[in-house]
Amino acid sequence: MSLSNALVSAAFDFGTAYSGYAYSLRSDFNEDPTKILTCEGWPASKGLSMKTATCVLFNEKQEFDSFGYEAENKYMTLASEHFHHNWFYFRRFKMELYGEKSITEKMVIEDVNGKPMKALIVFQAAIKYLKEHFLANIKKFQAVLDDEIQYVLTVPAIWSDSAKKFMRLAANGAGIQDDHLVIALEPEAASIYCQHIKTERVSTDFAKSIVGTKYVVVDIGGGTTDVAVHEKCLGGKIKELFHASGGNWGGNMVDEAFFQFLIRLFGGPVLAKMKKDYLFDYFDIMQDFECQKRNLSLEREDTNYILRVPPSLSKCTKKYI
Ligand SMILES: Nc1ncnc2c1ncn2[C@@H]1O[C@H](COP(=O)(O)OP(=O)(O)OP(=O)(O)O)[C@@H](O)[C@H]1O
Ligand SMILES: [Mg+2]
C-alpha cells in the first residue's frame, strides 16, 4: 500500500511537556478534513491537556515500565517511599535533541537523578507506547491492518537535520517502517490545519482567505517556540516565505524561572537537598505551580500565587540556617 492510499493517518505529537496523538480515517477526511479523533482517556490523566505527560519510567534493569501520567504517578510513589534510586525516570527529555550539537544514535542522556541511558532506547520506548496506545484505541471500532496505516511524527522546525534523523530512527525502532512514516514539521502541521478551521479572531474564516494571503504561525510549546511564515497557494498548498525560526522559549522556561525564584528564596543547597531527599515533595511543588500557571489570567487582578510549603522544605531550610 502506498502512503497516499492509506486508510488511516495517525499523527503523534511528541512534545517536550506533553505527548499525544490524533488520527483520521480516509473516508472521514474526504468528507471533512477537520474530522479528527484524539485520545481522550489517558491512564491516570489529571485532565490538564488532551495529551499525557512526556515521562518514561524504566525499572532497575532498564526495562520499560510505564509512560505518561502513569509513569509520573508510579515514580512519585516510589520516591515517596525512597525506592526510586535505582529506577530510570525521564521527563522533558525531548529538549536533549535541541541545539547545535550533532545527534547520533549513540547519544546518552541522563535521567532526573543523573543516571545515564542510551537516548535512542528512551525515545523508542515513548514512541512505541504512543503507537501501541493508538492501535489499541482504533482497533476497538475499526478493523485496520498495520499496513494500512500512515504514521506522522511531528518535530520542531528549528531542529537540526541530525535531530530529525534521530527521531526517524527512534520511530523505526518503535516498529514504524520508513515507508509508512512521514516526519512533519510542527508549525507546518499547524499551518495546514489552519487552512481548514474557522478562525474567530479574523473577520473572515481563514479557510476562505484568498490565495496569496501571508501569515505567521507561532507554535509555543513546552520546550520550543517555532515561528513559520507561510503563504496560501492554489490547491490548498502552502509556501514557506522564510526559514522557520525560534528557540528554546517554551513554557519550561517559565517553570525554570519559578525554580530559580525558589533558589533565591530558599537557597541552592536547600533545593538540592529537597530534590535528593524529598523528590516527591519537590515534584508536588512543581505540579502545583503548573496548575496555578494555567489558571493565571492577565485580565484578573487577583494574581497572587500561594506556595504551599511542605514540612520537608522547612526541614531542609532549618539545616542551613
Ligand atoms: N494556560 C496556560 N498558561 C501558561 N502556560 C500553559 C498553559 N497551558 C499550557 N501551558 C504550558 O504549555 C506547555 C505545554 O504546551 P504543549 O503541549 O503545546 O507543549 P509540548 O508539545 O509538550 O512542547 P514542544 O512542542 O515544545 O515540544 C507547558 O509548558 C505548559 O505548562
Ligand atoms: Mg508541541
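Thr-16 lies in the loop that joins strand β1 (8-14) to strand β2 (18-25); helices (H or I, at least four residues) and strands (E, at least two) are DSSP runs, numbered from the N terminus. The model is a predicted one, in which local features need pLDDT of at least 70 and side-chain atom pairs count only at pLDDT 80 or more, while totals for chains, interfaces and linings use all residues. Residues are numbered from 1 along each chain as its sequence is written, chains are lettered from A and ligands numbered from 1 in the order in which they are written, and side-chain values use heavy atoms, with hydrogens and water left out.

Thr-16 has a relative accessible area of 4% and is therefore buried (buried means under 20% relative accessible area, exposed over 50%, partly exposed in between, with a 1.4 Å probe and protein chains only). When residues up to four places away in sequence are not counted, Thr-16 touches Thr-54, Arg-92, Lys-94, Met-95, Gly-222, Gly-223 and Asn-252, where contact means heavy atoms within 4.5 Å. A polar atom of the Thr-16 side chain lies 3.4 Å from the backbone nitrogen of Gly-223. A polar contact is a pair of N or O atoms within 3.5 Å; within protein, one must be able to donate a hydrogen and the other to accept it, and residues adjacent in sequence count only if both atoms are side-chain atoms.

Polar backbone atoms of Gly-222 and of Gly-223 each lie 2.8 Å from an oxygen atom of ligand 1. A polar side-chain atom of Lys-293 is 2.7 Å from an oxygen atom of the ligand. On its own, ligand 1 has 650 Å² of accessible area, and the protein covers 74% of this; accessible areas come from the Shrake-Rupley method with a 1.4 Å probe, and for residues only the protein chains shown count as cover.

The rings are edge-to-face, with 5.8 Å from centre to centre and 80 degrees between the planes. Rings of Phe, Tyr and Trp (its six-membered ring) pair if their centres lie within 6.5 Å; planes under 30 degrees apart count as stacked, over 60 as edge-to-face and the rest as tilted. Phe-259 counts as buried because its relative accessibility is 11%, and Tyr-282 is buried at 9%. The structure holds 27 aromatic pairs. Ring pairs also link Phe-14, Phe-58, Phe-64, Phe-67, Phe-90, Phe-93, Phe-123, Tyr-129 and Phe-166 into a cluster.

Two lysines are placed over rings. The charged end of Lys-94 sits over the ring of Trp-159, 5.7 Å from its centre, and Lys-115 lies over the face of Phe-88, 5.1 Å from the ring centre. A charge sits over a ring if NZ of Lys or CZ of Arg is within 6 Å of the ring centre and within 35 degrees of the ring normal.

Asp-284 is also found in helix α8. Its relative accessible area is 27%, so Asp-284 is partly exposed. Asp-284 touches Met-76 and Arg-308, not counting residues up to four places away in sequence. The C-alpha atoms of Asp-284 and Arg-308 are 9.5 Å apart, and the two residues are 24 apart in sequence.

Thr-225 lies in strand β13 (residues 225-232) and counts as buried because its relative accessibility is 7%. The side chain of Thr-225 reaches the backbone oxygen of Trp-249 at 2.9 Å. Beyond its neighbours within four places in sequence, Thr-225 is in contact with several residues, including Ile-158, Ser-245 and Gly-250.

Backbone angles were also considered. Most residues other than glycine have a negative phi. Gln-62, in the loop between β5 (55-58) and β6 (64-67), has a positive phi of about 65 degrees. Arg-92, in the loop between β7 (88-91) and β8 (108-110), has a positive phi of about 55 degrees. Gln-62 is partly exposed at 34%, and Arg-92 counts as partly exposed at 25%.
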